[in-house]
Amino acid sequence: MEHKRGTNEEKHILWVFLLTALVATPPIYQRLSEAHRLKQIKTVKHEASQINATPLNDFLGQLKGISPQGTLVVLYTGSTEGHLEPCGCFIGQSGGLPRRATAISSIRAQGFSPLLVDLGGILPTKEPEMKESVLSMATSPNDAVAETLFVNGVHPLDQLRTQKVLESMRLLEYEALVPDKVDTNFGEGFVTDTLAHQEFTLLATNVEGLWSNAQSVLMRSVDDKKVAVLGLSSLSLQDTNVLDRLLPEIQKETDFIVILSNLSPEVNRTIAENYQDISAILSHGTGETDKIGNVLLTYSGSNGETLGALLLNTDDTLGVSAQQIALTEEVEDDPQIRELLQDFYKQVANDPQLQAGGERLFSDEPLEQDPLSGYAGSQACATCHRKEFDQWAHTSHATAFNTLLTAGKQFYPECISCHVTGFRYETGYQIGNEEKEQLADVGCETCHGPGKQHIVTPLTTNIRGEVKQQVCTECHTPSHSPGFAQIVEHVMPEVDHSRTEPSLKEILEQRMRGPMKPQVELFVMSFCPFGVQAEEELLPFIEKYGDAVDFNLRFIANLVEDADSEKSKFTSLHGEVEVIENLRQIAVSQLYPDQFFDFLLCRAKHLKSAWTQCAEKLGLDIDKVNQEMESERTKRLFEVDIQRSEALGIRSSPTLVVDGKVISGGLWRGKVSGICR
C-alpha cells in the first residue's frame with residue numbers, strides 16, 4: 001500500500017514538472033531567441049562597418065621609432081568628392097575634415113614636417129540630370145527660388161561644400177594638388193579660375209603650363225637624400241610619354257621618385273611595370289596596396305574616409321612603405337575645422353536656396369507617383385490601426401529625426417530624405433514648415449505609401465500592405481547601413497506590427513545600435529509615491545547601461561508669475577515641500593553626479609525623514625547642497641524640466657520617455673502601482 005501511494009506521488013510530481021516545463025519553455029525560448037537575434041545583428045553590423053586602416057594611435061606609435069630627420073612622410077588624400085564628414089548614420093564611420101586635421105597635427109607634433117598633397121577629385125560628383133531633377137521637385141517654399149538655384153549648372157550647396165573643403169586645405173597647409181577631370185564638374189573654368197588661385201601648387205607633370213601656380217615637379221630633401229614628386233593629371237590624355245623625357249634627368253639628381261596620379265588604375269599599373277626606378281605611385285580611389293617589381297602602388301581612398309601616409313626612409317632596411325590611417329570616432333575633432341563645418345551648417349539653416357534639393361525617394365513606386373496621392377502623417381493611421389501604430393512608436397523609425405537634431409543637420413537636404421516622410425513631394429515633409437512637423441521621422445507612409453486616399457476610401461489597392469525589401473533598401477544602402485543585406489531577416493521582426501510589444505531592454509538595445517545614445521527621461525513629482533516607485537524600479541536597471549544611455553530625471557511642476565515680486569516662482573502638486581525637494585535633487589545631480597542615483601534610492605526609502613540622513617550616509621556636503629539649491633543654475637535647470645514636460649504634454653508622474661517618445665507603462669512599470677496628476 002505504501003509503495004502504491006509512493007508511486008502516485010512520484011507520478012504527481014512528474015506531471016507537475018512536465019506542466020511547469022511546458023509553461024516555462026516558450027518564454028525561455030523566446031528570450032534566448034531574442035538574445036541570439038540581437039547578437040547576430042550587432043556582430044554583422046560591427047564587422048560590416050570595420051575599415052581596413054591603421055588606427056591613428058598605432059600609427060603615431062610607429063613614428064616614435066623613426067627619425068624625423070631621416071624620414072619624409074607624405075600625407076595624401078584624394079577623391080574627397082565634397083564630403084565634409086561622415087553622415088553619422090551608423091557607429092564606426094571613418095573620415096571627416098575635422099578628424100583629418102587632428103591626425104595631421106598629431107603627426108606634426110611628433111617632430112615630422114610631412115608633405116601634404118591631394119590627388120584631386122575634391123568636387124561633389126553629380127549626375128548630368130541633377131539640375132533637371134531638382135528643378136522638377138519645386139514643391140515647397142524652399143524651392144520657390146528653384147530657377148535661380150544653379151550658377152553655371154552647379155547647385156549653391158555644392159559650391160558652398162567645395163568652398164569649405166578648399167578653406168580647410170588652406171588651414172591645413174596643403175602643398176600640392178593634382179587636378180582631376182572630376183574637378184571640371186563645375187565647368188572647365190573651375191581649375192583656371194579657382195584652383196589656380198589657391199595657395200597650394202597645382203602639380204601636373206603631363207599638362208602644359210596653363211596656370212600660374214602650376215609645377216611639373218616638386219623637390220624635397222630628407223637627410224642627404226633627394227625626393228622628386230610628380231603629378232599625372234587626368235586633365236590630359238592618358239599619355240605618359242612625358243615620363244620618357246623627364247625620368248632619365250630626374251634619376252640623375254634624386255634618390256626617390258614619387259608619382260601622384262589620378263589616371264586610371266590600369267594606366268598606373270602599366271607605369272609601374274614600365275618604370276621600375278619609381279619608388280611609389282599614389283593612385284586616387286580605392287584598391288589594395290601592391291608591389292609591382294620595385295614600385296609600390298597604393299591608393300588614396302575615397303570620400304575622405306582615411307588619410308594616406310607614405311614613408312620614405314633613408315635607412316635601406318625600412319625603405320618605402322605606405323598605409324591608410326583610420327579616422328574613426330577615436331580621433332577627436334580639430335576645433336578650428338569643426339567651427340568651419342558648424343558655420344557651414346548654420347549657413348544652410350539660414351538660406352532656403354541651400355535647403356533646396358535632396359533626394360526624392362520611391363520615384364518608381366506607383367503610389368508615390370499618383371497625382372491623387374497625398375501624405376497625412378502617422379497619427380492619422382492610428383484611428384484604425386492603433387495596435388500597429390503603438391508598435392511603430394517604439395521602433396527607431398519613430399525617432400529617426402532625432403538623429404538629425406542631435407547632429408544639427410535638420411536643415412541639410414541630403415540627410416533629410418531618409419529621416420522624414422515624403423520629402424520632396426508636394427504634400428510631404430518640408431524643411432522649416434511647422435504645418436508639416438507631423439511628417440518628421442520615418443512614419444507609416446514611408447513604408448506603406450502616401451495614405452490620404454486610403455483614409456477616405458480604405459482599399460487594398462491604394463496602400464502598400466506588404467512592404468517589399470526594395471522599399472527598405474531605398475535608405476538602407478551599403479553606405480548608410482553596412483551589412484543590412486546580411487541582417488535583413490533579423491531586423492524585419494522589429495517592424496513586424498504583429499509582434500508582441502518589446503520590453504524596455506529591447507527598445508534601448510535596439511536604439512543603441514544606432515549612432516546616437518538613447519535619450520531616456522523619467523518625469524516625476526518628487527513627493528509622488530508612484531514616482532518614487534518608478535525610481536526604485538528603473539534606476540538600478542538604467543545604471544547597468546552606464547554611459548551607453550543618456551539619462552535625465554525631470555520634474556513635473558509649474559512656473560507662474562508672482563505679481564508681488566515681479567518674479568516667477570515654482571509651484572507643484574504636493575506643495576512647497578515638493579518644490580524644495582525638486583531643487584534639492586537637481587542640486588545633488590550637479591554637485592555629485594556619480595552619487596545621484598544612490599541619493600535618489602536612499603530618499604525613496606526615507607522621503608518623510610530629514611534629507612540630511614541620506615546626505616551624511618553618502619558623504620555629501622550639506623551646506624554646499626543648500627547653497628547650490630539657491631543658485632541660478634539650479635533654478636534654470638528646474639525651468640528647463642518644466643518647459644520640457646510642457647512641450648511633451650506630460651502631466652502624470654511617473655512618465656517614461658525614450659528619444660522624445662512616451663513609452664507605454666506596460667513595458668516598464670513593474671511594481672509601480674499608480675500615477676499622480
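Modeller: The second largest cavity has a volume of about 40 Å³. A cavity is a set of points on a 1 Å grid over the protein atoms alone where a 1.4 Å probe fits but cannot get out; its volume is the space filled by probe spheres set on the points, which are joined across faces, edges and corners. The model is predicted, so local features need pLDDT of at least 70 and side-chain atom pairs count only at 80 or more, while totals for chains, interfaces and linings use all residues. Residues are numbered from 1 along each chain as its sequence is written, and side-chain values use heavy atoms, with hydrogens and water left out.

Ser526, Val532, Glu535, Gln585, Leu600, Arg603, Ala604 and Leu607 line the second largest cavity, each having an atom within 4 Å of a point. By class, the lining of this cavity holds four nonpolar, two polar and two charged residues. Here Ala, Val, Leu, Ile, Met, Phe, Trp, Tyr, Cys and Pro are nonpolar, Asp, Glu, Lys and Arg are charged, and the others, Gly among them, are polar. Two elements give two or more residues to the lining of this cavity, α21 and α23 (596–605). The largest share, three residues, comes from α23. Such helices are DSSP runs of H or I with at least four residues, strands are runs of E with at least two, and both are numbered from the N terminus.

Helix α21 (residues 529–543) also has a place between two strands, as the chain passes through α21 on its way from β15 to β16. This β-α-β crossover is right-handed: with the strands pointing away from the viewer, the path from the first strand over the helix to the second runs clockwise. Strands β15 (residues 519–524) and β16 (residues 550–555) are parallel and share six bridges. Pairing requires that DSSP finds at least two bridges between two strands.

The search of the whole structure finds two cavities of 30 Å³ or more. The largest cavity has a volume of about 100 Å³. It is lined by 15 residues, and Leu361, Phe362, Ser417, Gly422 and Phe423 are the closest to its centre. Nine residues of the lining of the largest cavity are nonpolar, four are polar and two are charged.

The second largest pocket is another kind of space, holding about 920 Å³. A pocket is an open set of points with protein on both sides within 12 Å along at least five of seven lines. Its lining has 35 residues, and those closest to the centre of the pocket are Lys42, His46, Ile91, Gly92 and Glu329. The lining of this pocket divides into 16 nonpolar, ten polar and nine charged residues. The elements giving two or more residues to it are α1 (2–49), α2 (56–63) and α3 (97–109). Helix α1 gives the most to the lining of the pocket, with seven residues.

Next come the sheets. Strand β1 runs parallel to β14 (residues 320–326), with two bridges between them, and Pro55 is opposite Ala326 in β14. Strand β14 is also paired with β13 (residues 306–313), here in the antiparallel sense and over seven bridges; Leu307 has Ile325 in β14 as its bridge partner. Further along, β4 (residues 176–177) and β5 (residues 201–203) run parallel, joined by two bridges. There, Leu177 has Leu202 in β5 as its bridge partner.

Another open sheet has six strands, in the order β7-β8-β9-β10-β12-β11, and its pairing is mixed too. Its edge strands, β7 (217–222) and β11 (290–292), each pair on one side only. Inside this sheet, β10 (residues 280–283) and β12 (residues 295–299) run parallel and are joined by four bridges, with Ser283 opposite Tyr299 in β12.

Two backbone details remain. Glu173 has a positive phi, near 65 degrees, although it is not a glycine; it sits in the loop between α5 (156–172) and β4. The peptide bond from Ser653 to Pro654 is cis, with omega near 5 degrees, and Pro654 lies in the loop between α26 (632–647) and β19 (655–658).
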